Amino acid sequence: MTNTHTKTASEKRRQTSLGITLLATGLLIYLLFGISTESEQLTTFGLNLAGTQAMPIGDLIVPAQATVYLMSAIAAFVGAYQLARGVRSSGALLGIVAFTFVVAFLTWAAAGKSFNLTGMLTSSLVRATPIALAALCGVISERSAVINIGIEGIMLIAAQVAVVTATLSQNLYVGLILAILIGGAVAAFHAYLVIRFKVDQIVSGVAINIIGAGVTSFISSRFLQKATNTLNNSGTFPIISIPGLSKIPILGPVLFENNLVVYLTLLLVVVMHIMLFHTPWGLRTRAVGEHPKAADTLGVNVYLVRYVNVIIGGMIAGLGGAYFTIGSVGRFDEIMTAGKGFIGLAAMIFGKWNPIGAFSSSLIFGFADSLQVKLQILRVPIPSEFLLMAPYIVTMIILTGVVGRAIPPAADGQPYEK
Amino acid sequence: MTNVLELKGITKRFPGVLANDKIDITLREGKILALLGENGAGKTTLMNILYGLYKPDEGSISVRGQEVDIHSPNDAILQGIGMVHQHFMLVPVMTVTENVMLGIEPTKNGIFLDKEKVANRIREISDQYGLEVDPNAYIKDLPVGIQQRVEIIKVLYRQANILILDEPTAVLTPQEVEGLFKIIDTLIKSGKSIIFITHKLKEVLAVADDITVLRLGKVVGSIDPKEATSKKLAVMMVGRDVNLVVDKKPASPAEPVLVVENLYVRDERQNLTVQGVSFDVRKGEVLGIAGVQGNGQTELVYALTGLLPLEEGTIRLLNEPILRTTPRNILERGVAHIPEDRQRHGLILSFPIHDNLMLCTYYKKPFANGVSLQEKIIYSNAEDLVEQFDVRTPNIYVNAGTLSGGNQQKVIVAREFSRPIEVLIASQPTRGLDVGSIEYIHKQIIKKRDEGTGVLVVSSELDEILSLSDRIAVMYKGQIMGILEAKTATKEQLGLLMAGVHLAETTQS
């Protein structure tokens, strides 16, 4: 009659089905990648990136078939262990198996060829940057219980503002600052609607997305395309190599040879984590997101906290928008954000509304995105249309809650009534 | 002796309601003022005005003889007024320290939260007032009694000397109530003044120095506790003579109609909230399920009525198992359900009374004929039931939402009792009702028992359980700690079971 009863039938069922899934993954690795790899083939993982300052090191060369078999065996072993004993942390198990699958896949795809791993990681971080910024915008808004699904629209508007103003002023920093300000302004509009007038937060967010897509596409086709050189050609932020650190093999090119927007993103992740968990502002934000009435009875201004957070979130999304134009290609294309704002929201959920978690899951999406590009170059026998879907498929898998359900802030999405 | 707090002529109107009508109350320094009244008498509104959550339409507030303006909780805190709310204002996923410091956060270097400083201050307050609590514990892991201590610490941390305790005993076990009274005693000895809001007569007599009774938004009068009796207070509170005990004959139980074996249920958040519950309800008896709110009673009732799936175990209704079936199927097999939240699960507030009175049977004859509803029959059915169950309403066409709580509950009872039933499941059947309605609902439940229905009553009010039940099961953390005969059960014994002590241990001591 005490709480020693720990496993019920359905928990056992879950354990069994997870074990079987893991075993099946092991088998799948063997069938898909093991059989079609020839035994004498080698896979070369390049660890040096041309044109960087990192000290050169030897490449990683592995026998393709043996590696695939090893990965298959690891996955099968983990599955069998789960069936036999049962492990509490299903997330860690899924992580291991996902890792074996990816390694086996890469080994198979690049068998007999060379695959630049460092280049892949570098482009993962770069591609993760706008997703991470969108995710941080989501984290900061939703921690104060305001849902902002208008991030995509905010990023589009900011992207266009950034490139046009930077081109006109011949100054990238002007573009950057205006992008951040317009992001804050659009978010302020969202905040005003949902806090002051208690407009449904989803409806307001959808409206922002539609307005963002419509207005930027209109301006682009009406004005920008006719005057590309005078309006839509800003150039981009240069790569800044951090002296010393950029010489470290692998890590150097990945982390310390990036442009301003990427560095700002990394900095923001750390700053936001500290702000959220170690400052009065963060404590109030979390309290307002969890139990606004409690915060109100202690004299915290719930509405003010929400305004501030949503607007700061919008400014971060504005920075994310700037990345698309002045941070990467130097011009605006219609709908160039391609759903990154929404993927950012998925990263926020997968990262459990936590800045570091959100950033880490953005890296997974960035990895999936850059993987699909590399695979097209490697001429893998998979149609490119399917490869292009990769980041979105990862998004869907993650959102189904396979990898553990995340609990949002308790008051998320609810307007506060005194 | 000085008056630390005086409220004069406080009036507050809500659309359609006069919640407070020229209320005057006085709190003496170092004393306990009990504010007594039924639900809806305006006690909580008055205190929310004092704490700056509502703005009064008229009237003035004086602290130590000085008239003050209180527009927000901050103003109240500055005046040394602190409030322990009926529904705790604590963030469950944060620690005790974080909850206490929220709103006035000391910092290191002007940036970082100084949690250590606050934790130390909490330990000092704990020692001084006997409020033991771990500053680093998360609120969600603490029992309700300890959470209440955190609320009191929050108030003391803000250096309040006037404390408002709003229905502080509603969620406590009898032993925890004793503990609270000791804490109140320590607070008074160290010079604090307290306003104690309640509708429980015995508590008022146990602690109060002064008693003020409210009814329908007005002060009925003040009385010296030395001259007060339960009977006198009840008459002041309700405005007429009331019968405080339920008249009932001894039960004559027959064969079991509802048998529950080894039941496990998960709540919506996937927590296992019912863990291995077994009991049976026999024809013609009332089985009461006692327990502090939130110990799995809600989920148990949901499982019995088909609103939550069973994780494990069996439920047998009249010897037929209930498994993977729908709420409608369960209702059709003779189960009546008076749900815990009458406004969300019992009624459709925006539907007229006549439609609410046929929600269980609308698809059957005589109410439906093929695809069309038979309006005349629906209306006459409603007229009959309103008459029979004494629902006070202008007519049967008004929306259920316009009725008072007691009349809403009567509509539910009328609907459930108007069809043939074998088992009645009543969850918190009188929560928030006035004394008159409580009396009525209790009588109806006993009447059903005497007609041979098996009755399951779930309530967190121990008095209600004791007056209705023939047998009493106590739930704690999803398990049944023991089943007692109501005749021989004592409040102390039930209280220990409610706090998780095993049955064997309670009889030893």
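Is the crossing of α6(A) and α7(A) left-handed or right-handed? In this predicted model, the crossing of these two helices is right-handed. The report below describes that pair first, then other helix pairs, the domains and the contact between the chains.

**Helix pairs**

Two packed helices are described by the angle between their axes and the distance between the axes. In chain A, helix α6 covers residues 172-196 and helix α7 covers residues 201-222. Their axes come within 10 Å and cross at roughly 150°. Angles over 145 degrees count as roughly antiparallel, and α6(A) is therefore roughly antiparallel to α7(A). On the α6(A) side, the residues that meet the partner helix are A:Val186, A:His190, A:Leu193 and A:Val194. On the α7(A) side, they are A:Gln201, A:Ser204, A:Gly205 and A:Ile208. By class, this contact holds 4 nonpolar, 4 polar and no charged residues.

An α-helix has 3.6 residues a turn, so residues three or four places apart point the same way.

A second pair in chain A consists of helix α14 (residues 340-350) and α15(A), which pack at an angle of about 130° with their axes 7 Å apart. The angle makes α14(A) oblique to α15(A). This crossing, too, is right-handed. From α14(A), the contact takes A:Ile343, A:Ala347, A:Met348 and A:Phe350. From α15(A), it takes A:Ala358, A:Ser361, A:Ser362 and A:Phe365. The residues of this contact divide into 6 nonpolar, 2 polar and no charged.

Helix α15 of chain A runs over residues 355-378. At 1.5 Å a residue, its 24 residues should span 34 Å, and the C-alpha atoms at its ends are 34 Å apart, which agrees. The residue that follows α15(A) is A:Arg379, whose phi is positive, near 55°.

In chain B, the axes of helix α4 (residues 115-129) and helix α5 (residues 144-157) come within 10 Å and cross at roughly 105°. The helices α4(B) and α5(B) are therefore roughly perpendicular to each other. B:Arg121, B:Ile122, B:Ile125 and B:Tyr129 of α4(B) make the contact with B:Ile153, B:Leu156 and B:Tyr157 of α5(B). Of these residues, 6 are nonpolar, none is polar and 1 is charged.

**Domains**

Chain A is assigned domain 1 (9-112) and domain 2 (131-399). Chain B is divided into domain 1 (3-238), domain 2 (245-334 + 421-509) and domain 3 (341-419).

| Chain | Distance between C-alpha centres | Residues in contact | Classes on the domain 1 side |
|---|---|---|---|
| Chain A | 32 Å | 9 residues from domain 1, 12 residues from domain 2 | 7 nonpolar, 2 polar and no charged residues |
| Chain B | 33 Å | 8 residues from domain 1, 13 residues from domain 2 | 4 nonpolar, 3 polar and 1 charged residues |

**Contact between the chains**

Where the chains meet, 22 residues of chain A are in contact with 25 residues of chain B. On the chain A side, α1 (9-34), α11 (280-290) and α12 (292-297) each supply at least two residues. The largest share, 6 residues, comes from α11(A). By class, the side of chain A that touches chain B has 9 nonpolar, 8 polar and 5 charged residues.

Note on methods. Residues numbered from 1 in each chain as written. Chains lettered and ligands numbered in written order. Predicted model: local features only at pLDDT ≥ 70, side-chain atom pairs only at ≥ 80, totals over all residues. Domains from an automatic or database assignment. Nonpolar A, V, L, I, M, F, W, Y, C, P; charged D, E, K, R; others polar. Axes fitted to C-alpha atoms, helices over the stretch in contact; angles between N-to-C directions. Helix = DSSP H or I, 4+ residues; strand = E, 2+ residues; numbered from the N terminus. Parallel < 35°, antiparallel > 145°, perpendicular 65-115°, else oblique. Left-handed = near helix turned anticlockwise from the far one by under 90°. Expected span 1.5 Å × (residues − 1).
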